[in-house]
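These are my notebook entries on a structure I looked up. I record what I checked, one topic at a time.

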Amino acid sequence: MIAELGHFALILALVLACVQAVVPLVGAQQNRYALMAVGRPAAQAQLFFLLFAYGCLTWAFVTSDFTVRLAAVNSHTATPLIYKITGVWGNHEGSLLLWAASLSLWTVAVTIFSRDLPEAFMARVLGVLGAISAGFVSFTLFTSNPFTRLLPAAAEGRDLNPLLQDPGMIIHPPLLYMGYVGFSVAFAFAIAALLSGRLDAAWARWSRPWTTAAWVFLTAGIAVGSGWAYYELGWGGWWFWDPVENASFMPWLLGTALIHSLAVTEKRGAFRNWTVLLAISAFSMSLLGTFLVRSGVITSVHAFATDPARGLYILVLLVLVIGISLTLFAWRAPRLTGGGSFALMSRESTLLGNNVLFAVVTGAVLLGTLYPLFLDALNMGKISVGPPYFEAVFVPLMVPVVVLMVIGPFVRWKNDDSARIVRRLAPGAIVSVLLGVGLAVVVGNFTWRTVLGLALAAWVLIGSVQLLRARVAERPGAAAGAGVRLRGIPAAWWGMWLAHLGVGVFIIGVTMVGSLESELDVRMKDGQTARLAGYTFTFRGVVDAPGPNYLAARATIEVARGERQIATLTPEKRLYLAQQMPMTEASLDIGPFRDVYVSLGDELEDGSWIVSLYHKPFISWIWLGCTLMGVGGICAAADRRYRRLAERRVPAAATQSA
Amino acid sequence: MKAKFLVPLVIFLALAGFLAYGLKLNPREVPSPLVGKPAPAFSVAQLQAPEASFSSADMRGQVWLLNVWASWCVSCRQEHPLLVELGRRGVVPVVGLNYKDGRADALDYLVRHGNPYTTIAVDPEGKVGFDYGVYGTPETFLIDREGVIRYKHIGPLTREHFERVLMPMITELSRAG
């Protein structure tokens with residue numbers, strides 16, 4: 001009964017999405033307020049029904065109702081409650097429902113936080129979002145109904161994939177989806193602006209907080225996903241250039257470019273075509289990512305459930321959404337020339353350079369991801385592309401991005417004096433190179449990779465300090481104390497500063513762990529010790545440690561540095577009963593400057609165990625860097641400026657209607 | 001409408017064309033044209049003994065698996081425990097084809113994760129892989145006593161799939177001769 005109610009709610013949501021897609025758009029075109037006004041209640045009611053449907057599905061999982069096929073395949077009576085709840089999105093159908101619910105959540109958020117948008121603009125935005133929603137809800141209903149019954153019921157469920165039974169997996173998909181789907185708002189704003197022919201600074205200002213918010217979710221989602229891969233997959237890597245990882249990374253790259261491009265469009269009215277194109281592309285990449293993951297065109301670690309019929313449906317959706325948008329772009333964009341002119345040495349140039357580089361990097365990642373498919377389709381042979389390609393392409397393209405990132409904030413809009421910039425930045429650059437060389441020698445890894453990484457990171461950090469000092473010094477009202485002037489800096493500026501600082505911290509982490517990590521595989525018996533990177537690991541035997549839905553052998557390994565006891569690690573080897581699937585559960589001691597990571601391999605015939613020991617210097621800095629970027633994004637999105645403008649518009653709107 | 005603004009649309013449509021074609025090529029669902037044909041013969045060096053060579057003709061008279069893998073391949077690690085178990089139980093001889101890999105990396109990988117293979121042939125340039133139509137690692141071919149490819153699996157082998165599909169075929173083929 002509950003499942004049927006959920007199914008019915010989903011059908012109602014589809015009807016509402018269709019209404020939301022058509023009526024407000026017609027209203028905006030004919031300038032009829034009554035029709036435009038339908039958008040908001042339709043969006044809100046749609047959210048209600050989607051959440052209701054989602055709740056019904058969760059209910060089936062929590063109560064182990066195995067007459068619902070999805071629950072029978074992805075849950076088990078012995079699964080811990082939290083994984084029953086997260087199991088809802090650990091599969092194709094449920095994750096689509098989550099996708100649709102996120103989209104609806106974003107739509108309603110737009111109706112609440114951007115309620116001061118002009119009525120016609122809002123109507124177009126809601127219309128576009130409604131059309132996307134109709135596409136995805138119908139996809140869910142027609143090809144991937146989560147409420148399909150299984151009669152007669154299964155006696156017991158098959159349980160959630162053990163890889164997904166992990167705290168990281170609880171939040172990774174919702175964050176990632178909020179990010180993916182969040183770009184739909186920037187997309188809808190861009191399409192609405194193209195439809196109305198009004199692509200101006202106001203449009204850019206409205207889009208900015210939404211784009212940044214989506215970007216924050218995506219950043220967090222990718223970071224959590226990489227953290228999950230790091231400790232759950234059990235071999236200590238944190239990024240694999242897997243097609244599905246790339247699918248989330250491409251919208252991130254374009255989203256980053258979009259954030260910067262929007263800044264130029266708002267401040268200077270320039271790059272309008274480019275900004276619109278980026279807004280369309282960022283969301284297209286999100287859709288493409290969904291397609292790649294769900295169609296099985298590319299084989300991947302992540303591709304759990306794939307089905308060509310579903311692939312075809314998403315492809316049609318993809319062609320409709322992106323094809324129509326790009327056609328609209330080709331039709332409207334030629335009228336959008338103009339914007340302030342700027343010299344070669346100007347803030348605009350650095351941002352343009354950055355955007356072009358981001359677009360090229362995205363293209364390179366896309367090419368690498370789809371290359372096997374291209375060659376196969378052209379009958380030119382069959383190949384696979386591995387991490388060496390991505391590293392060879394990615395690093396040389398990202399180095400200039402980072403350099404421009406350091407220079408950009410110092411350069412004035414419109415026109416600046418090259419000599420002034422060189423005088424300003426050369427000392428820091430020289431010190432950074434020397435630091436890079438010096439530190440590489442100190443850590444005993446004098447390779448170009450280490451030198452380059454450390455020098456770049458040093459320059460980002462030095463540049464950040466210089467930038468902050470310059471900002472405090474240049475503020476008007478120099479008579480006030482530094483504390484007052486610091487407080488006078490707007491949140492958006494802090495956001496930029498923190499996010500850029502985060503990039504520096506991230507580079508330190510990547511460089512250090514790439515250059516200095518060490519690992520060792522040993523056979524160990526009770527009481528035996530092994531040494532790695534100055535740490536002593538003592539094996540204290542293995543005991544049985546059964547869990548609710550698995551059996552496990554748990555080893556105890558004491559870690560010491562010199563005489564000092566540091567940690568007791570307990571890696572496990574688990575066998576999940578329902579799927580008879582073995583899993584390694586690594587154990588880590590996390591520290592600010594290094595992680596010590598232990599994973600348990602197989603038992604050998606003589607009773608000893610294979611143990612993998614890892615020493616990962618500075619790896620936490622990778623996620624610290626991502627956190628700083630995310631916090632920076634939150635600051636930027638929360639800047640008072642966006643709210644203040646909204647407040648100011650209220651009286652104006654009131655007088656209009658009066 | 002100026003032509004340059006159509007460029008994004010044209011690029012996208014080309015991409016969509018490839019994706020549509022990609023659906024037809026669905027790597028997991030469409031059987032390889034090689035199934036039912038004689039396995040392409042090859043004779044290459046062995047990984048652990050570079051001076052010795054391995055020839056596909058050596059396996060005549062046996063039912064065997066050819067597993068294409070590489071140390072850089074992430075999904076290979078997923079199926080590796082299953083292969084190790086098959087190797088230990090001696091269910092079927094598994095010949096590894098080390099694909100576009102470095103020798104040191106490959107040996108290191110085996111030390112770390114265990115060696116399930118009876119023999120490992122090396123294919124550093126991917127020439128053998130090309131003959132076998134390898135789309136990406138890992139791939140597994142089931143070859144019968146006469147050297148005919150009976151089944152091809154793309155992507156990591158799962159226990160369920162092995163028990164349900166491959167094992168019955170192996171039993172059948174072994175009995176048939």
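**Entry 1: helices α8 and α9 of chain A.** I began with a pair of helices in this predicted model, and I noted that α8(A) and α9(A) cross in a left-handed sense. Helix α8 covers residues 167-196 of chain A, and helix α9 covers residues 201-232. I read an angle of about 155° for their packing, with the axes 7 Å apart. Angles over 145 degrees count as roughly antiparallel, and α8(A) and α9(A) are therefore roughly antiparallel to each other. I then sorted the residues of this contact by class, which gave 21 nonpolar, 9 polar and 1 charged.

**Entry 2: helices α6 and α7 of chain A.** Next I looked up helix α6 (residues 92-113) and helix α7 (residues 119-143) of chain A, which pack at about 165° with their axes 10 Å apart. Because of this angle, α6(A) and α7(A) are also described as roughly antiparallel. Their crossing is left-handed. Which residues of the two helices meet? On the side of α6(A) I listed, among them, A:L96, A:L97, A:W99 and A:L103. On the side of α7(A) I listed residues including A:L126, A:L129, A:I132 and A:F136. By class, this contact holds 13 nonpolar, 4 polar and 1 charged residues.

**Entry 3: helices α15 and α16 of chain A.** Are these helices oblique or roughly antiparallel to each other? Helix α15 (residues 418-442) and helix α16 (residues 448-474) of chain A have axes that come within 7 Å and cross at roughly 140°. The pair α15(A) and α16(A) is therefore classed as oblique. I recorded their crossing as right-handed. The contact includes A:G428, A:A429 and A:L435 of α15(A), together with A:L454, A:W459 and A:I462, which are among the residues of α16(A). I counted by class here as well: 13 residues are nonpolar, 6 are polar and none is charged.

**Entry 4: two backbone details in chain A.** As background, I noted that most residues other than glycine have a negative phi, and that most peptide bonds are trans. I then looked up two places in the backbone. The peptide bond from A:L151 to A:P152 is cis, with omega near 0°. A:P152 belongs to the loop between α7 and α8 of chain A. A:F271 is not a glycine, yet its phi is positive, at about 60°. I located A:F271 in the loop that joins α10 (243-268) to α11 (272-295) of chain A.

Entry 5: I found chain A divided into domain 1 (1-165), domain 2 (169-416), domain 3 (417-515) and domain 4 (518-618). How far apart do the C-alpha centres of domain 1 and domain 3 of chain A lie? I read a separation of 45 Å. The average pLDDT of chain A is 87, and 92% of the residues score at least 70. Over residues 299-305 of chain A the pLDDT is below 50, and this stretch has 22 contacts in the model beyond near neighbours in sequence. Residues 648-658 of chain A also stay under 50, and for them the model has 3 contacts beyond four places in sequence.

**Entry 6: chain B.** Finally, I turned to chain B, which has 5 helices and 7 strands. In what order do its elements run from the N terminus on? I wrote the order down as α-β-β-β-α-β-α-β-α-β-β-α. The C-alpha trace of chain B spans about 70 × 40 × 30 Å along its principal axes.

Methods
Residues numbered from 1 in each chain as written. Chains lettered and ligands numbered in written order. Predicted model: local features only at pLDDT ≥ 70, side-chain atom pairs only at ≥ 80, totals over all residues. Axes fitted to C-alpha atoms, helices over the stretch in contact; angles between N-to-C directions. Helix = DSSP H or I, 4+ residues; strand = E, 2+ residues; numbered from the N terminus. Parallel < 35°, antiparallel > 145°, perpendicular 65-115°, else oblique. Left-handed = near helix turned anticlockwise from the far one by under 90°. Contact = placed C-beta atoms within 7 Å. Nonpolar A, V, L, I, M, F, W, Y, C, P; charged D, E, K, R; others polar. pLDDT = per-residue confidence, 0-100. Domains from an automatic or database assignment.
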